[in-house]
Amino acid sequence: MAAIYQAAYRRASSLACRLHSTYVRKMRYLNELKEDDSLCRQAQASGTFYLFHNLSPFLQKVGKKYLVPQLSAAEMKKILEKFKETEQWIEKSVLIGCSDEHVPHFALDLGALEKSVIESELKGLFTDLRKALFVVDGSDSSLLASAQSLLRWHDSHQYCSKTGQPTQKNIAGSKRVCHASGITYYPQMSPVVIILVSDGSRCLLARQPSFPQGMYTALSGFCDMGENVEETIRREVAEEVGLEVESLWYSASQHWPFPSSCLMIACHALVRAEQAEISMNSLELEEARWFGLEEVVEGLKREPRSSKQDDGSFLPWFPPKQAIAHQLICEWVKRQTS
């Protein structure tokens, strides 16, 4: 019996090692592409491309599903020839990942070309990213969000903040350099906390005027310079709803491309039930209120289109599963029902 267990352990260890090695090789290959312009230029000739037009990703609808097509270098060349553009256009792309088989993935924005012609040629549509993220598969939504953030960063960092001179991106798009000053710029993300506040039996959800009607979500806010995550959470909850956090704990994190590239740091926070009277900051929020378990469970089942009532009012609904706020709300429900 011991020999059987040992053999099973060796097989499991061997599998884990192979999986780990695949990941390590993949990460090191991506790092080589970022550091070696010549190697990355070669990779563009064998890679796949995700297309954007003024930061809107290209999607194709197949049946009821929305797919994110990957174009080969040959297909990209064909598109560019149609517009009488040279292959050098491909060097405007940015590296966004690679497959386990080391096929590199790039994102390219064709905003300077005629959108309708590309859509007609490829039989698809360029779609606003906010809509796209909620109709494609989870793995694709993450990739599109990362790609758009990187393309947006390059679009807004074409000049050096010190000299005003043009900056030059490397082939992979992992940095930009001002040759006049020698300054190297790297893409950055802004840290944002998103907090689900609870008093033990209820959770606090809020909405801003810009939200779709009926949608409530967790509180959130950018970290200020010099703050740690805990300080940001306590400050945001105090500013927005006038409550003092007694304890907090981390849940998860997520890249989020709105309004720009953000790192969402999701946490739960507890306030005392006897000090849970909301004092809302109307400059930031339109409404903030406590929700009981039954109302939250019903809200999770509800879709935006089904929330409108006959009198024109809207029943509460919450962000979809792709958003980390949804995960926080589901975690709270699980704790309440366990």
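Which strand gives the most to the lining of the largest pocket?

First, some ground rules. What you see is a predicted model, in which local features need pLDDT of at least 70 and side-chain atom pairs count only at pLDDT 80 or more, while totals for chains, interfaces and linings use all residues. Residues are numbered from 1 along each chain as its sequence is written, and side-chain values use heavy atoms, with hydrogens and water left out.

Now the overall picture. The protein has 9 helices and 16 strands; these are DSSP runs numbered from the N terminus, with helices being H or I of at least four residues and strands being E of at least two. Along the principal axes, the C-alpha atoms fill a box of roughly 65 × 65 × 50 Å. Of the 338 residues, 43% count as buried. Buried here means under 20% relative accessible area, exposed means over 50%, and partly exposed is in between, using a 1.4 Å probe and protein chains only. Among contacts with a separation of 6 or more, 62% come from residues 24 or more positions apart, where contact means heavy atoms within 4.5 Å.

There is one record to mention. An unreviewed UniProt entry carries the annotation "domain: Nudix hydrolase" over residues 187-313; its positions are given in the numbering used here, feature names are shortened, and annotations may be inferred rather than shown by experiment. Over that stretch the chain is 17% helix and 33% strand, with its end C-alpha atoms 43 Å apart.

Rolling a probe the size of a water molecule over the atoms shows where empty space is left. On a 1 Å grid over the protein atoms alone, a pocket is an open set of points where a 1.4 Å probe fits, with protein on both sides within 12 Å along at least five of seven lines, and lining residues have an atom within 4 Å of a point. The largest pocket has a volume of about 1400 Å³, that is, the space filled by probe spheres set on the points, which are joined across faces, edges and corners. Of the 43 residues that line the largest pocket, F134, M215, W256, P319 and P320 are the closest to its centre. Several elements supply at least two lining residues each, including β11 (190-198), β12 (203-207) and α9 (324-337). And the answer to my opening question is β13, which gives the most, with 4 residues. By class, the lining has 26 nonpolar, 9 polar and 8 charged residues; Ala, Val, Leu, Ile, Met, Phe, Trp, Tyr, Cys and Pro count as nonpolar, Asp, Glu, Lys and Arg as charged, and the others, Gly among them, as polar.

Let's look next at the loop between β14 (247-256) and β15 (262-270), where S261 is found. Is S261 buried or exposed? S261 is buried, with a relative accessible area of 12%. Its side chain is joined to that of H255 by a polar contact of 3.0 Å. By polar contact I mean a pair of N or O atoms within 3.5 Å; within protein, one must be able to donate a hydrogen and the other to accept it, and residues adjacent in sequence count only if both atoms are side-chain atoms. Leaving aside neighbours within four places in sequence, the contacts of S261 include S149, Q188 and W256. P259 lies in this loop too, and the peptide bond from F258 to P259 is cis, with omega near -5°.

Most residues other than glycine have a negative phi, and most peptide bonds are trans. Two more places stand out on that score. L55, in the loop between β1 (48-53) and β2 (56-62), has a positive phi of about 75° and is buried at 16% relative accessible area. K84, in the loop between α3 (73-82) and β5 (94-98), has a positive phi of about 60° and is exposed at 76%.

Last stop: E286, in the loop between β15 and β16 (287-291). E286 counts as partly exposed, at 42% relative accessibility. A polar contact of 2.7 Å joins its side chain to that of R207. The C-alpha atoms of E286 and V62, 224 residues apart along the chain, are separated by 39 Å.
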